[in-house]
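Subject: Handover of a structure, with notes

Dear colleague,

Please find below the structure that I am handing over to you. My notes on it follow directly after.

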Amino acid sequence: MASQRRQMMQSHQSWTDDLPLCQMCGVGTAPNCTYGPDGKDTQSHPNEDGHFRGEEGCFLYGVFNGFDGSRVSSFVSQCLTAELLLGQLKSTHTDSDVRRILSQAFDVVEKSYFETIGDALAEKATIISQLPEGVSFHQLSPQSQKLSERLKDLEQEVSGGATAVVALIHNNKLYIANVGTNRALLCKSTSDGQNQVIQIGRPHTTENEDELQRLAGLGLDVSGLRQAALIAGQSSTRRIGDYRVKYNYTDIDLLSAAKNKPIIAEPEIQASQSLEGVTGFLLLMSEGLIKALESAHGPEQANQEMVAMVAAELAQQGSLEAVAQSVVERVKRLHHDVYASGRQRASHCSRHEDMTLLIRTLNYTLADGALTPTQGGRIYPVSVPYSNCPSSTSKTSVTLSLVMPSQGGTLTNGTNTASTLEEGTPTHTPGQSPTTTLHSTNNQTTQSSSSSSGDGGSLFSQAVQPDETGRVPPYVDFTQFYRLWGSDHGDFLGTQGLSLVTVALR
């Protein structure tokens, strides 16, 4: 069996090639990038991310962030699908059954991976025992030099690992299984017409107090782990593969005192969420995508900005593949623009890792694709009174995604090619009443967006009379726009902000 798995890893064939792909999701990717002094970007290594999206009685999606090669992420994307979509899950299974099957699948896949490199690890140990210690390569005999070269090849063959975030939709319930530092966001409209953005789970790093308690229980020095941040070159405290921290952890200073394996592949599986009547979308993101956006704009608004970008693209694109790719390209441009600007956060943006975004819609209607993809620039929210009925007396505030391009240009909702904000393009869920800004949250707690309704009539529902100069009173609230733009650009907004942003009635 191990030899069959090795052959499969070396070929381009997948165990799950014949499984149908889910048509309700799209994937966007971008390779890693390092910027040179001249601003040009170069790729440091081949793309190491992986993903899958399959359906066979249920729906399964995954995004994998590989490191030190793509072997593990590729292996896991194939084998995890085989462990979950080939009849293992039944409609009669309870929540506890599903959680148990998910956890077992991760365990089986990692053990299977280590089986595939078992012979290489054994050969590596044999060669190490044959080479003299403390002797440089040039001082070795020709035979020992050959062994040393072979050792390097073996090390490259067995090195590497991956983190994973997996979403399973079974019996119309959503399960998220996370190992490491990728992220899952669920955006949905509630019964009262408000939007919610939920970050499902937390990354497994030394900033996660639950993880630190787990490691402390194994006898490790928590303060040392917190100070080091990285463990064997990675920030994750849970990962798949990476034999160094699984079998040789006693040779690593930070981990040597552990009573048992400290770095594990056991997934943290969040409580199932019913998708009955849910309208919205699910996002699975690799660490590289998250870090690129956080490096450019800080971590505080990252979830909110990501959802706003996806919503803006969903309102314009007719293909989920195009939506996902456009969002990834936008993050890539944002990251580059911040580096090129030389501003405060430029030092955080000299490089980014591979980026992957998977979008799964939930009863969400796509646009007809007549509009062009949006261009670069950061999304800033502005609040506009909205009523979808000219005779209505209700007033609801809707947030439009206003994009500020990096270099001048007239601003519009989602693009920088026109001169006016159009009422027909608010980023709200089709079939639902518009709502205001989406607030991202952690730890499965939810903060809803706030809608205001009441009497008095909306400015959109009443004829607005021009003054003596032929102009109408302002009706767009730029308060939050000014706050975010000002935090990024300091006093620049105070002197030029009003001339940068114009909204016209026609």
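Which residues does Val179 touch, not counting residues up to four places away in sequence? They are Phe106, Thr163, Ala164, His204, Arg238, Arg239, Ile240, Ile264, Ala265, Glu266 and Pro267. Please note that this is a predicted model. Val179 belongs to strand β7, which covers residues 173–179. With a relative accessibility of 0%, Val179 counts as buried, because the cut-off for that class is under 20%.

The chain as a whole

The chain has 506 residues, of which 51% are buried. Its secondary structure consists of 13 helices and 18 strands. Of the contacts between residues at least 6 apart in sequence, 71% connect residues at least 24 apart. The chain exposes about 23400 Å², and carbon and sulfur atoms account for 48% of that area.

Aromatic rings

The whole structure contains 6 aromatic pairs. One of them is formed by Phe52 and Phe64, whose ring centres are 5.4 Å apart; the angle of 45° between the planes makes this pair tilted. Phe52 is in strand β4 (residues 49–55) and Phe64 is in strand β5 (residues 59–67), so the pair ties together parts that are 12 residues apart in sequence. Phe52 is buried, at 7% relative accessible area, and Phe64 is buried as well, at 0%. Elsewhere, ring pairs join Phe75, Tyr113, Phe114 and Tyr247 into a cluster.

The charged end of Arg360 sits over the ring of Phe59, 4.8 Å from the ring centre. The ring of Phe137 has the charged end of Lys152 over it, 5.6 Å from the centre.

Helix α2

Phe75, a member of the ring cluster, is also one of the buried residues of helix α2. This helix covers residues 71–84, and its 14 residues should span 20 Å at 1.5 Å a residue; the end C-alpha atoms are 20 Å apart, which agrees. In α2, 11 of the 14 residues are buried, so the helix is largely enclosed by the rest of the structure. Among them are Val72, Val76, Cys79, Leu80 and Leu84, together with the polar residues Ser73, Ser77, Gln78 and Thr81.

A buried polar contact

Asn303 is found in helix α10 (residues 302–314). Asn303 is buried, at 5% relative accessible area, and its side chain makes a polar contact of 2.8 Å with the side chain of Gln199.

Backbone points to note

Most residues other than glycine have a negative phi. Two residues may be set against that background. Asn171, although not a glycine, has a positive phi of about 55°. Asn171 is located in the loop between β6 (161–170) and β7, and at 42% relative accessibility it is partly exposed. Asp242, likewise not a glycine, has a positive phi of about 60°. Asp242 occupies the loop between β10 (240–241) and α8 (243–247). Is Asp242 buried or exposed? Asp242 is buried, with a relative accessible area of 0%.

With kind regards

Methods: Residues are numbered from 1 along each chain as its sequence is written. This is a predicted model: local features need pLDDT of at least 70, side-chain atom pairs count only at pLDDT 80 or more; totals for chains, interfaces and linings use all residues. Side-chain values use heavy atoms; hydrogens and water are left out. Helices (H or I, at least four residues) and strands (E, at least two) are DSSP runs, numbered from the N terminus. Buried means under 20% relative accessible area, exposed over 50%, partly exposed in between (1.4 Å probe, protein chains only). Contact means heavy atoms within 4.5 Å. Accessible areas come from the Shrake-Rupley method with a 1.4 Å probe; for residues, only the protein chains shown count as cover. Rings of Phe, Tyr and Trp (its six-membered ring) pair if their centres lie within 6.5 Å; planes under 30 degrees apart count as stacked, over 60 as edge-to-face and the rest as tilted. A charge sits over a ring if NZ of Lys or CZ of Arg is within 6 Å of the ring centre and within 35 degrees of the ring normal. A polar contact is a pair of N or O atoms within 3.5 Å; within protein, one must be able to donate a hydrogen and the other to accept it, and residues adjacent in sequence count only if both atoms are side-chain atoms. The expected span of a helix is 1.5 Å times one less than its number of residues.
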